[in-house]
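Here is a walk through one protein model. Keep the structure open and follow along.

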Amino acid sequence: MMTEHLSEEEIQQYALDSTACGEAVKVHVHACPHCRQKVENYQLLFMAIKAQPPATFDFDLTESVLEKLPQPKKSLGNVLVSFILGLAILGMGCLLYFFRGQLASLFSGIASLTIYLILIASLAIFGFLCIDKYMRFVKQTKKLNYY
């Protein structure tokens, strides 16, 4: 048996989940009336905390947070860029469709190593852009935590 009383952490751990405690702690709680009383007090306290209704605000928290967030600026520039990008993709699709027979002969004259190098460089650039986009997202998310 332990000669000293249990620490507050050990008593709280025993009050929350006695199965997670060591055998020496269990034996001490059963043998020591002082520590047993502390365990009972903590168990009552924990039950009272669990019985409390969840906290509610008397105001709309969502509305107050949304007011502080910067609003995206709607401009004609974003619409114009989207339109031009859509036209470019549509044009590329049409070109690929109409010249699909000649594409095989286009790449037949290029060495396979060159094609692989172009593909690897394109994937690396795409990867760096994705990482940059993710880092900006994390930075913006951290800004939200300060409001």
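Helices here are DSSP runs of H or I, at least four residues long, and they are numbered from the N terminus. The model is predicted.

Start with helix α7, which covers residues 112–144. It holds both aspartate 132 and arginine 136. The two sit four residues apart, about one turn of the helix. Their side chains meet in a salt bridge, at 2.7 Å from N to O. Aspartate 132 has a relative accessible area of 34%, so it is partly exposed. Arginine 136 has 45%, so it is partly exposed as well.

How many salt bridges are there in total? The count comes to two. The other pair is glutamate 8 and lysine 38, whose closest N and O atoms are 2.6 Å apart. Where do these partners lie? Glutamate 8 is in helix α1 and lysine 38 is in helix α3, so this bridge ties together parts that are 30 residues apart in sequence. Glutamate 8 has a relative accessible area of 33%, so it counts as partly exposed. Lysine 38 is partly exposed too, at 26% relative accessibility.

Now turn to the interior. In soluble globular proteins, nonpolar side chains tend to be buried together. The largest nonpolar core in this model has twelve residues. Among them are Leu6, Ile11, Tyr14, Cys21, Val29, Val39 and Phe46. Which elements give two or more residues to this core? They are α1 (8–16), α2 (23–31) and α3 (33–51). The largest share comes from α3, with four residues.

Cysteine 21 is one of the core residues. Set aside its neighbours within four places in sequence. Cysteine 21 is then in contact with Glu10, Gln13, Tyr14 and Lys26. Of these contacts, Tyr14 is itself listed in the core.

Finally, look at the surface. Leu80, Phe83, Ile84, Leu87 and Leu90 form a nonpolar patch there. Together they have about 520 Å² of accessible area. Take leucine 87 as an example from this patch. Leucine 87 lies in helix α5, which runs over residues 76–98.

Note on methods:
Residues numbered from 1 in each chain as written. Predicted model: local features only at pLDDT ≥ 70, side-chain atom pairs only at ≥ 80, totals over all residues. Heavy atoms only, no water. Core = buried A, V, L, I, M, F, W, Y, C linked by side-chain atoms within 4.5 Å. Buried < 20%, exposed > 50% of the residue type's maximum accessible area, 1.4 Å probe, protein only. Contact = heavy atoms within 4.5 Å. Patch = residues over 30% accessible without salt bridge, like charges linked within 9 Å, V, L, I, M, F, W, Y side chains within 5 Å. Areas by Shrake-Rupley, 256 points an atom, 1.4 Å probe, with all protein chains shown as cover. Salt bridge = Lys/Arg side-chain N within 4 Å of Asp/Glu carboxyl O.
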